[in-house]
Amino acid sequence: MPYAGETAHTKHSAQTGPRSTSPPTNAPAAINGIAKGANRMSPEEVHETVKRSGLRGRGGAGFPTGVKWSLVPRGKDAPHPKYLVANADEMEPGTFKDRLLLEGDPHQLIEGMIVAAYAVQADAAYIFLRWAYREAAVRLSKGDGRGLPGMAIWARTSWRSGYNLEMILHVSAGRYICGEETALLNALEGKRAKPRAKPPYPQTVGLWGKPTVVNNVETLCNVPHIVKHGPDWFQSLSRTEDAGTKLYGASGKVKRPGLWELPMGTTARELLEEHAGGCATGSSSGGRFPGALPPNSSPRRISICRWISTRSEKREAAWARGR
Ligand SMILES: Cc1cc2nc3c(=O)[nH]c(=O)nc-3n(C[C@H](O)[C@H](O)[C@H](O)COP(=O)(O)O)c2cc1C
């Protein structure tokens, strides 16, 4: 897979890529996030660090991660068990960013989950995995110290405060709606995957009625790096007030389909022109853009932003005409 830029979370996965069958060669590297940071911090310190970093959820809505964690009840009277769920359902057509992270560097996610679970004092953490991601399931289950079994044991023995976390891999039966967090919780409970009415939100009434944080895979993969390098470092990776980097993907009929870790604030034009090499002539765009490029035009010759605004002006005009 093409890979560009300064890196936080694809540093290790870039060496293997989603289609590779070889395991990551440098597994211990990401473990430093916990070893050098979180297990010497209190849960509140970890939480505050993530909050100050400005990390926003990478699952779609962009909700600030630290604020989401704040909504989980804490203290002696907090209900238990509390849960953390990594949303690895990824079924949006054309997306494969979480797949790269899951297959290329599974222990990075596990580490992020351990740190996040520690911050909210969760008792158990689930990975809700898209059924089709079989390679990810194999890698996450590996007993070689990099998958769930080894990492859970490692975390238990190295955590000074004696924090204990149960980690479970749940392979989804597979439906697009399962990616929506409350439908996902119903599916985990063995029910039909129908979204629940909100409020109450999962942070207070989630899995089996208990406080639950649902975070996207990419969101969680940022966490160990933030703890290791600090909030200022994370903010410095971005070009805008939204901190960090982001995995941007281009699939379909572009000249160079791929996935790139780039600063937040990277423009659609840069993504398509510089990284994806532009649309293949005469083909349609999909995924990121709400429509098709005009035939025989390529992003090298049109302004993407202008094109989007033209489309919405037309739509508004159509609505104004009562269509
Ligand atoms: C129909 C639908 C599908 C969704 N699919 C996913 C998904 O595959 N992965 C994901 O992380 N979030 C998905 N979401 C968003 C989740 O409901 C939730 O907001 C997200 O997992 C929270 O994680 P974050 O705060 O780290 O972004 C979906 C939402 C909807 C409405």
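## An enclosed helix

Helix α9 (residues 217-229) is largely enclosed by the rest of the structure, because 12 of its 13 residues are buried. Buried here means that 20 or more other C-beta atoms lie within 10 Å of a residue's own; exposed means 12 or fewer, partly exposed is in between, and C-beta atoms are placed from the backbone. Among the buried residues of α9 are Val217, Thr219, Cys221 and His225. Just after α9, glycine 230 takes a positive phi of about 95°. Helices (H or I, at least four residues) and strands (E, at least two) are DSSP runs, numbered from the N terminus.

## About the model

This is a predicted model: local features need pLDDT of at least 70, side-chain atom pairs count only at pLDDT 80 or more, and totals for chains, interfaces and linings use all residues. Residues are numbered from 1 along each chain as its sequence is written.

## Around the ligand

Of the 19 residues around the ligand, Gly57, Gly59, Gly179, Asn216 and Thr219 come nearest; a residue is near a molecule if its C-beta atom, placed from the backbone, lies within 6 Å of it. Strand β4 (residues 212-216) gives the largest share of this shell, three residues.

## Backbone details in the loops

Two cis peptide bonds are worth a look. One runs from histidine 80 to proline 81, with omega near 0°, and the other from lysine 198 to proline 199, with omega near -5°. Proline 199 lies in the loop between α8 (181-188) and β4.

That loop between α8 and β4 also holds tryptophan 208, whose phi is near 45°, a positive value in a residue other than glycine. Tryptophan 208 counts as exposed because it has 11 C-beta neighbours inside 10 Å.
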